[in-house]
Amino acid sequence: MWPAVDCPSVCGVIPGSENTNIMYQNFKTHLEKELQDIKDAGLYKNERIITTPQSSDIKVAGTEGEVLNFCANNYLGLADNSRLVEAAKAAMDNRGYGMSSVRFICGTQDLHKELEKSISDYFKTEDTILYAACFDANGGLFEPLFTEEDAIISDSLNHASIIDGVRLCKAKRFRYKNADMADLERCLQEAKDCRFRIIATDGVFSMDGNVAPMDKICELAEKYDALVMVDESHSAGVVGKTGHGVAEQYDCYGKIDIFTGTLGKSFGGAMGGFTTGRKEIIDMLRQRSRPYLFSNSVAPSIVGASIEMFRMLGESDDLHTKLMDNVEYFRTRMLEAGFDIKPTQSAICAVMLYDAKLSQDFAAEMQKEGIYVTGFYYPVVPKDQARIRVQLSAAHTREQLDKAIAAFIAVGKRLNVLK
């Protein structure tokens, strides 16, 4: 029999909480002011709640009826694909719900190895390593491979995950202007005395939608004896003749040493990331990459559905063809309407508004028209470069595209974006 003790927490009072409240008060006041400043500037991020599966048309809490979704990374329209849902269910039935462990302890199933082979086959590489997310893949890439003797040369518009991964590494850092080959060459010349050099770039830059000139990057890498790394998160499944990414787009197979990417965009829209490339590089990441060594394995349902997804993409290019047709149609009609849109070869169309609050107001008005888009502004994009980032999907019908274009025109006139 345990002795009776007084336990204030039973009555809802946590011991010491009165001191904690006093200690926290100054910091709480500081946070409240910071948050209010964000709200006053019209930059507060409100998360809208979806009450249906992710698709081209969705229901959003607080909105009557369905809205058309033009701000998901669901490029091939696979997020609610019934074949993938069934594959996920089958994987759970056969391999369970979760792994409860990291890979090298007891968290590797035959499905994980099968998916890694599927990814290697897709990118024509030697080996692949899975991560919980591409943010982890990029965050765990550089530190195990490079030291203060080396140099990382990074595009100025690279994703935050690449930037954070570089920060975790002791290598010398060089930054070149977005897709500017003259500036890249300058950095390579400055880094010529380093032991190893690696050029790091996004395949498609997520805010502008432009594609990195991988043919020219690989030429400079060969000239200056540098490795090449590319993040395919927004390019795989999208660019290239059959959507296989930047290596296919620029015929750079064998010249790119490392690809990173996600299963959370074109490839089914769930979770999970990967690094794929040279066998020895992947092997070293298995030994030393901290996000891999200290994170649970990707769940069987996601792995099983991802294997099925690669089977689907191997059977037909129809989804990629539909996506590219949608991109061309939407972009052409928007330019004809008079909108300022950045050049794109991808499924991202940046409708430039420049003013941060205007981008927020524009997105809110679009939702009233039944179109779900998001305004992007600093610090996600540079100051005075606010925009609506439209993301096209193979799931969009021509009628849905026409409705979105009509809404853009109506709101554009209402807010004096169009004359």
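Three strands make up an open sheet of mixed pairing, ordered β1-β2-β11, where strands are DSSP runs of E with at least two residues, numbered from the N terminus, and two strands pair if DSSP finds at least two bridges between them. β1 (57–59) and β11 (371–372) are the edge strands, each pairing on one side only. Three antiparallel bridges link β1 to β2 (residues 66–69), and E66 in β2 is the bridge partner of K59.

The model is predicted: local features need pLDDT of at least 70, side-chain atom pairs count only at pLDDT 80 or more, and totals for chains, interfaces and linings use all residues. Residues are numbered from 1 along each chain as its sequence is written, and side-chain values use heavy atoms, with hydrogens and water left out.

R389 lies in strand β13 (residues 386–391). The following table lists distances from its side chain.

| Partner of R389 | Distance |
|---|---|
| side chain of Q391 (polar contact) | 3.4 Å |

A polar contact is a pair of N or O atoms within 3.5 Å; within protein, one must be able to donate a hydrogen and the other to accept it, and residues adjacent in sequence count only if both atoms are side-chain atoms.

The largest nonpolar core has 86 residues, of which I256, F267, F330 and F408 touch the most other members; such a core is a set of buried (under 20% relative accessible area, 1.4 Å probe, protein chains only) Ala, Val, Leu, Ile, Met, Phe, Trp, Tyr and Cys residues joined through side-chain atoms within 4.5 Å. A second, separate core of 20 residues includes Y131, F146, C169 and M229.

Conventions
Helices (H or I, at least four residues) and strands (E, at least two) are DSSP runs, numbered from the N terminus. Buried means under 20% relative accessible area, exposed over 50%, partly exposed in between (1.4 Å probe, protein chains only).
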